[in-house]
Amino acid sequence: MKIGLDFDGTIVDCRPRQQAALVAAAAACGLAAPLDLDAVWQHRRHGATLVEALVACGIDATEARRIGACWVETVEDDDFLPHDPLLPDALAVLTRLAARHDLAIVSARRRPDGIARQIADLGLADLVGELHVVAPGAGAAAAKAEIFRRRKIACFVGDTESDLRAARLAGIPICLVAAGQRDGTWLARQSDDGAPGVPVLGTLADFENWMSDALLR
Ligand SMILES: [Mg+2]
């Protein structure tokens with residue numbers, strides 16, 4: 001069976017890089033007020049865009065949009081990519097999954113070369129048979145869904161509502177993990193629309209357990 005996996009927030013902790021890039025973007029835009037990075041992160045975990053999170057933290061809307069645009073331009077710069085650490089247990093879980101299944105990472109990134117280098121640097125290259133990168137933004141879910149269909153990906157694990165939309169467009173099962181961009185409450189709300197239940201789990205280790213149970217059913 002081929003398992004699809006999101007990367008940011010599912011395999012790696014996306015918080016350190018996002019915060020490092022935000023500090024730099026705020027400085028580049030001349031933000032005078034101190035930035036509460038933890039508060040911004042919590043707003044994002046509850047479903048806000050970066051600009052919405054900055055505004056919720058008291059930043060003027062025009063300034064927030066400038067910082068947000070700068071952040072989008074720079075967050076995948078080479079200087080920031082090493083800020084993505086593997087989430088706890090990710091390497092062990094991927095090693096065990098790769099022994100029994102084909103693994104495909106499907107990620108929304110601006111720079112395919114950057115994520116490919118990260119996968120190698122994090123010691124995942126021998127575990128992941130396929131890497132597919134789609135453009136971030138409004139079209140990401142449809143583009144991911146097309147890859148799910150074309151590459152015959154049987155199920156997907158991700159950390160955002162966009163991942164959920166992609167799996168539903170392709171008609172494949174999805175598990176959501178709350179270790180990344182969105183928290184469990186937000187994710188449960190996104191998936192609570194009367195469609196067949198979507199497991200909202202903690203981490204990849206929980207996904208591995210869910211997979212084991214599902215295969216026994
Ligand atoms: Mg993600």
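Let me start with L94, which sits in helix α5, residues 90–100, where helices (H or I, at least four residues) and strands (E, at least two) are DSSP runs numbered from the N terminus. L94 counts as buried because it has 23 C-beta neighbours inside 10 Å; the term buried asks for 20 or more other C-beta atoms within 10 Å of a residue's own, exposed for 12 or fewer, and partly exposed covers what lies in between, with C-beta atoms placed from the backbone. Leaving aside residues up to four places away in sequence, L94 touches L103, L124 and L127, and contact here requires that the C-beta atoms of two residues, placed from the backbone, lie within 7 Å. L94 and L127 are 33 residues apart in sequence, yet their C-alpha atoms are 6.9 Å apart in space.

Before I go on, please keep in mind that this is a predicted model, in which local features need pLDDT of at least 70 and side-chain atom pairs count only at pLDDT 80 or more, while totals for chains, interfaces and linings use all residues. Residues are numbered from 1 along each chain as its sequence is written.

Now to the sheet. In what order do the six strands of the open sheet lie? The order is β3-β2-β1-β4-β5-β6, with parallel pairing, and two strands are said to pair if DSSP finds at least two bridges between them. The edges are formed by β3 (130–134) and β6 (200–201), each of which pairs on one side only.

Going through the pairs, β2 and β3 run parallel and are joined by five bridges, with V134 in β3 as the bridge partner of A108. Next, β1 and β2 pair in the parallel sense over four bridges, and here L5 has I105 of β2 as its bridge partner. Strand β1 (residues 2–5) also pairs with strand β4 (residues 155–158), again in the parallel sense, over three bridges, and in that pair I3 is partnered by C155 of β4. Finally, three bridges join β4 to β5, which run parallel, and G158 stands opposite L176 in β5.

How enclosed are these strands? Because five of the seven residues of β2 are buried, β2 is largely enclosed by the rest of the structure. Strand β5 (residues 174–177) is covered on both faces, with I174 and L176 buried on one side and C175 and V177 buried on the other.

Let me turn to helix packing. In general, two packed helices are described by the angle between their axes and the distance between the axes. The axes are lines fitted to C-alpha atoms, for helices over the stretch in contact, and angles run from 0 to 180 degrees between N-to-C directions.

The axes of helix α1 (residues 15–28) and helix α4 (residues 61–74) come within 9 Å and cross at roughly 130°. The two helices are therefore oblique to each other, given that angles under 35 degrees count as roughly parallel, over 145 as roughly antiparallel, 65 to 115 as roughly perpendicular and the rest as oblique. The contact is made by A21, L22, A24, A25, A26 and A28 of α1 together with I67, C70, W71 and T74 of α4. By class, these residues divide into nine nonpolar, one polar and no charged, where Ala, Val, Leu, Ile, Met, Phe, Trp, Tyr, Cys and Pro count as nonpolar, Asp, Glu, Lys and Arg as charged, and the others, Gly among them, as polar.

Helix α1 also packs against helix α2 (residues 37–45), at an angle of about 125° and with the axes 11 Å apart, which makes α1 oblique to α2. Which residues of α1 and α2 meet? They are R15, Q19 and L22 in α1, and L37, V40 and W41 in α2. This contact has four nonpolar, one polar and one charged residues.

My last pair is helix α7 (residues 140–150) and helix α8 (residues 161–170), whose axes come within 8 Å and cross at roughly 45°, and these helices are therefore oblique to each other as well. The contact involves A140, A141, A142, K144, A145, F148 and R149 of α7, and S162, R165, A166, L169 and A170 of α8. In terms of class, the contact of α7 with α8 has eight nonpolar, one polar and three charged residues.
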